[in-house]
Amino acid sequence: MPKTAGPTRPTPAPHQRTGVLSSRELAARGAIPTEARLAAGPVVLVECIENIPCNPCAYACPRKAIAIAGGLTDIPQVDFAKCNGCTLCIARCPGLAIFVVHRDFSKTEATVTIPYELLPRPAAGARVACLDRAGRDVCRGKVVKVLDTKALNRCAVVTVAVPKRYWNTVRNIRVG
Ligand code: SF4
Ligand code: SF4
């Protein structure tokens, strides 16, 4: 008897092959703000594109800028017009997937605000190594602000200034 072809497997998305999200995938999912919104001031980037059962982000934002419209496993959607870049949602995400970017922090620098659970914490003013989504060193940066209160539940929120061209590249730091 001739063999019949089995069910076709869906082609894995790039991040499912590499384990690392790319800015292209994020853009395709609508997770990157428009040029006009980036130019308008700090704004959130929710880098969460897997259908996992999770939703603290949807309750974290006082401006209701993040929504999980359907079931618990739906992907969060951001209304960039509602977000003012306050950073309140960052430490609420157990997946460390929320960032705030101020692309035009100065003429030459952007700031990236990240969740940071490691010790020691960086100090404001410290120079740190800045890493991309894959953990590779990309540049040096200067810590601008560190929020580390009990309410943040052991996840500090660190803002680092980096050369402007890395606003969509830097997503972690290495202290020391
Ligand atoms: S940065 Fe502030 S305003 Fe923007 S989504 Fe997060 S909590 Fe809401
Ligand atoms: S809290 Fe974080 S991991 Fe959970 S759905 Fe929201 S962005 Fe994704």
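The model is predicted: local features need pLDDT of at least 70, side-chain atom pairs count only at pLDDT 80 or more, and totals for chains, interfaces and linings use all residues. Residues are numbered from 1 along each chain as its sequence is written, chains are lettered from A and ligands numbered from 1 in the order in which they are written, and side-chain values use heavy atoms, with hydrogens and water left out. The protein has four helices and nine strands, where helices (H or I, at least four residues) and strands (E, at least two) are DSSP runs numbered from the N terminus. Along the principal axes, its C-alpha atoms fill a box of roughly 75 × 35 × 35 Å.

**Fold and sheet**

- Along the sequence the elements follow the pattern α-α-α-β-α-β-β-β-β-β-β-β-β.
- An open sheet is formed by seven strands in the order β1-β4-β5-β8-β7-β6-β9, with antiparallel pairing; two strands pair if DSSP finds at least two bridges between them.
- The edges are held by β1 (43-46) and β9 (172-174), each with a single partner strand, so one side of each has no neighbour in the sheet.
- On average, neighbouring strands of this sheet are turned by 40° against each other, direction ignored; the axes are lines fitted to C-alpha atoms, for helices over the stretch in contact, and angles run from 0 to 180 degrees between N-to-C directions.
- Strands of a sheet pair through backbone hydrogen bonds, either parallel or antiparallel.
- The antiparallel strands β7 and β8 are joined by five bridges.
- L147 has V157 of β8 as its bridge partner.

- On a 1 Å grid over the protein atoms alone, a cavity is a set of points where a 1.4 Å probe fits but cannot get out, and a pocket is an open set with protein on both sides within 12 Å along at least five of seven lines; lining residues have an atom within 4 Å of a point.
- The count comes to one cavity of 30 Å³ or more.
- The largest cavity holds about 80 Å³ of space; grid points are joined across faces, edges and corners, and a volume is the space filled by probe spheres set on the points.
- Its lining has 15 residues, of which V44, C61, C83, C86 and C89 are the closest to the centre of the largest cavity.
- Ligand 1 sits in the largest cavity, meaning that more than half of its atoms lie within 2 Å of the grid points.
- There are 14 residues around ligand 1, and C61, C83, N84, C86 and C89 come nearest; a residue is near a molecule if one of its heavy atoms lies within 4 Å of it.
- The shell around ligand 1 divides into ten nonpolar, three polar and one charged residue; Ala, Val, Leu, Ile, Met, Phe, Trp, Tyr, Cys and Pro count as nonpolar, Asp, Glu, Lys and Arg as charged, and the others, Gly among them, as polar.
- The lining of the largest cavity divides into eleven nonpolar, three polar and one charged residue.

**Ligand 2 and the largest pocket**

- Ligand 2 takes up space in the largest pocket.
- Around ligand 2 are V46, C48, I52, C54, P56, C57, P76, C93 and P94.
- That shell has nine nonpolar, no polar and no charged residues.
- About 650 Å³ of space lies in the largest pocket.
- The largest pocket is lined by 33 residues, and E47, G95, L96, A97 and F99 are the closest to its centre.
- Two or more lining residues of the largest pocket come from each of α4 (56-60), β4 (98-102) and β5 (109-116).
- By class, this lining has 21 nonpolar, five polar and seven charged residues.

**Second largest pocket**

- The second largest pocket has about 190 Å³ of space.
- Of its 15 lining residues, G85, T87, T113, K145 and T159 are the closest to the centre.
- The elements β4, β5, β7 (137-147) and β8 (156-163) give two or more residues to this lining.
- Its residues divide into eight nonpolar, six polar and one charged.

**Backbone details**

- L119 and P120 are joined by a cis peptide bond, with omega about -5°.
- P120 is in the loop between β5 and β6 (127-131).
- L96 is not a glycine, although its phi is positive at about 50°.
- The place of L96 is the loop between β3 (77-78) and β4.
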